[in-house]
Amino acid sequence: MIEPQWRWRPFIAAIATVLCALPAAAGAAPYRIGVITEAWAANHPALEGLKDGLRELGLAEGRDVVFEVHFTKGKSEATAAAAAALVKAEVNLIFTSGEAAVLAAKKATARLPIVFTLVGDPVAVGIVNTLAYPGGNITGVTSRVPELAPKRLEILKTLAPELRRVWFIYYAGDVTDTAALGNMQDAARRLGVEVLGRPVNDAGQLTQVFKEFRRGDAYLAPSSDTLDIPVAIHEAAAASHAPTIFQSAIWVSHGAVVSYGPDFRAQGVQAARLVAKIIRGAKPQDVPVEGAEHIHVGLNLKSASQLGLPVPAKLLFRANIVQR
Amino acid sequence: MTDSSIRSFAQLVLLAAACCGTALAQQPIRIGASISQTGAFATLGQNQQRGYQLCVKQANEKGGVLGRKLELIVEDDQSQAATAVNIYEKLITQTKVDAILGPYSSPIGEDVANVSEKHRKPMLAPLSATTSIFKKGRKFVFMVLSPAEAYLEGLIDIAARRGLKTVAILSEDTIFPRATAQGTVELAKKRGLQVVFVEAYPKGTTDFGALLNRVRATNPDVIAAATYFDDAVSISRKLKELNINPKMFGVTVGGDLPKFHEALGATAEFIYGASQWEAELVTLRAGGLIPIARQYPGASEFVESYRKEYPGADLSYHSAGGYAGCQILLEAIKRAGSIDGEKVRAALLKLDYHTVFGAFKVDPDGFQLAHKMVLFQWQDGKKVIVWPEDLAPGTPRFPTPAWSERR
């Protein structure tokens, strides 16, 4: 399979020549990119994708760009301190992953350019005016979470046709996941499943929610990493042998049975183009928000077999990432 | 004999049988091993032994296996293969142990594998990584480590991804490093790297000047050295002295030890090293998001209890490998429902299992297929795992700067 970032090569090569006039390449000090993610280490795939994308555009880490990375370990409240630190450090641009991170960056600065990834609906979240004309100092790549939610539910039902109840547990403060729940209801009726939406505010509520789960139910994991909910679901699903669909194929590589959504790393690669435009002098307000382009179906056949779920041929045919 | 006396006799026989059965059930399952408690391999052999001991202790605390307690019988082979062979012969034929676990190292494992084969006793060889041991048609020896050939897979993968083109490969001229070098040649070719230099140097080499000057003449992007500790240190020093500046330089055995950095100081910075397992793995998250502890189930409890049980003792992959070898044996006995060698062997061949050391699944020869190596880089005096990419909390400091450009 071609790795997603390599599909960009021809286009990247074409615009790489345009980037020769970049200030950083001319021996100036490297362009400083501050980073905020809700991950537990610095290697969030979106950031790795950004680095790869910039490298493909001729911007070498260390020489042309440097990164100051803050990761907040699922604590949405810690994003504010990270954003303040980056503004104080006077980085040239802030790159974010996830809703809480971009909201914190927006609150911290109306001046520094901000480029986001992994935000499901940036208009609903209130960080841009429109996708085509974002306005302000923010642009980025949207992960289209609410838009893709019905399809995600449908894929889960295709894999587990007997399914009647699906738990959607998410951080109550997350606008995107709240919108995704609303968007799923029509599809749920059509598919004959009940979606049990459970917004939670803290770890205690999260523990309580899992107690309601019954044999034969399934999970649909949220997009936000706040409160470490996707990991809690991953563990609960493994313990109760529950079919679970995640938002990105990275989970399928680590035991989840199925995923549907944009590749995290590819969003970073895509965002690198926007970052490069801004380095070149474009204003974020003039750089349209892009929808994530690489929507993948991920399947883990070993996990499916352990769950006793025969994978329908039509789903296998659709899958772009298959773990055997 | 009257009916009643017959009944009484029958009851007595049944009672005796029951008593006898209970007595048998209470006999421990005895597991024998030789370990290098003294001699050249003593340090690492003792780490392995602690792994065995802790595994047996914890299994007993949970009630043993098949309702029987476990007893571990360990003897010192003094790091000598011939001694180890005698110990295993004696353990099997005289002490009549029920099962065995392997010794430390490939050279000793190679000879002992003949003994386990002769007596048809399955032997987990958790600290033998030389492929040839498992590819001689033997049916009773099982591998736990990643093979020698895979040690530098991470180095080659990073080099290929970063667009490097040429690689020079050196190794000590002994069985294990030679296998690593050969494996690295194959990996490099597969990834489109040109192998511009391959040479093995005699064991005990201390002056690498001439060899490294020949390497310099080929101007490789990558230098990959299949080493032990002393040569890893000497080659690193000489590269600096001769001002040879590859974009990546990696070593294998020895580079993972804290004393490697202690011996080299700043010279160790940027050097890559291969490791079978690191205690840090249990805390890592793939992509900074997904905990990978599930691939090493029980590993954090293992690390905690090891440190509690053996305060101040060295904890290395040899410790975890030893523990895992014992875990795998016990799991196979459980699944076989028996200590019979043939049945345990059949269970081992079917196992698809995760231990504190990682994945275990073997081919019909007992050759490990599932375990994965990690690659680290010395960064600011610490080993930072930089590969496999999705697990790595850090990124490689790449390319390695020229000696003259280092601060």
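**Close-up views of a two-chain predicted model**

**View 1. Arg161(B) and its surroundings.** Arg161(B) counts as partly exposed because 15 C-beta neighbours lie inside 10 Å; the cut-off for a buried residue is 20 or more. The model shown here and in the other views is predicted. Arg161(B) belongs to helix H5 of chain B. Arg191(B) is 30 residues away from Arg161(B) in sequence, while their C-alpha atoms are 9.0 Å apart in space.

**View 2. Helix H5 of chain B on the sheet.** Helix H5 covers residues 153-161 of chain B. The helix lies across E6, E8, strand E9 (248-251), strand E10 (272-275), strand E15 (374-379) and E16 of chain B. Relative to E9(B), H5 runs at about 170 degrees.

**View 3. The open sheet of chain B.** Seven strands are arranged in the order E7-E6-E8-E9-E10-E15-E16 in chain B, and their pairing is mixed. The edges are strand E7 (194-201) and strand E16 (382-387) of chain B; each has a single partner strand, so one side of each is left without a neighbour in the sheet. From one strand to the next, the twist averages 25 degrees. Strands of a sheet pair through backbone hydrogen bonds, and the sense may be parallel or antiparallel. For strand E6 (residues 166-172) and strand E8 (residues 222-226) of chain B, the sense is parallel, over 5 bridges. Within this pair, Leu170(B) stands opposite Ala225(B) in E8(B).

View 4. Strand E6 (residues 165-171) of chain A pairs with E7(A) in the parallel sense, over 7 bridges. Phe168(A) has Gly197(A) in E7(A) as its bridge partner.

**View 5. The buried face of helix H3 in chain A.** Helix H3 of chain A comprises residues 78-88, and Thr79(A), Ala82(A), Ala83(A) and Leu86(A) in this helix are buried. Down the axis of H3(A), the buried residues fall within an arc of 100 degrees, so they line one face of the helix. They pack against strand E1 (31-37), strand E2 (65-71), strand E3 (93-97) and helix H4 (99-108) of chain A. Glu90(A) follows H3(A) and has a positive phi, near 55 degrees.

**View 6. The two domains of chain B.** Chain B is divided into domain 1 (24-146 + 296-360) and domain 2 (149-275 + 373-405). Taken over C-alpha atoms, the centres of domain 1 and domain 2 of chain B are separated by 31 Å. The contact joins 6 residues of domain 1 of chain B to 7 residues of domain 2 of chain B. On the domain 1 side, 2 residues are nonpolar, 4 are polar and none is charged.

**View 7. The contact of chain A with chain B.** Chain A gives 18 residues to the contact and chain B gives 13 residues. Strand E11 (285-286) and strand E12 (290-291) of chain B each supply at least two residues of the chain B side. By class, the side of chain B that touches chain A holds 7 nonpolar, 3 polar and 3 charged residues.

Terms used
Residues are numbered from 1 along each chain as its sequence is written. Chains are lettered from A and ligands numbered from 1 in the order in which they are written. This is a predicted model: local features need pLDDT of at least 70, side-chain atom pairs count only at pLDDT 80 or more; totals for chains, interfaces and linings use all residues. Two residues are in contact if their C-beta atoms, placed from the backbone, lie within 7 Å. Helices (H or I, at least four residues) and strands (E, at least two) are DSSP runs, numbered from the N terminus. Ala, Val, Leu, Ile, Met, Phe, Trp, Tyr, Cys and Pro count as nonpolar, Asp, Glu, Lys and Arg as charged, and the others, Gly among them, as polar. Two strands pair if DSSP finds at least two bridges between them. Axes are lines fitted to C-alpha atoms, for helices over the stretch in contact, and angles run from 0 to 180 degrees between N-to-C directions. A residue is buried if 20 or more other C-beta atoms lie within 10 Å of its own, exposed if 12 or fewer, and partly exposed in between; C-beta atoms are placed from the backbone. The arc is that of the directions from the helix axis to the C-beta atoms. Domain bounds come from an automatic or database domain assignment.
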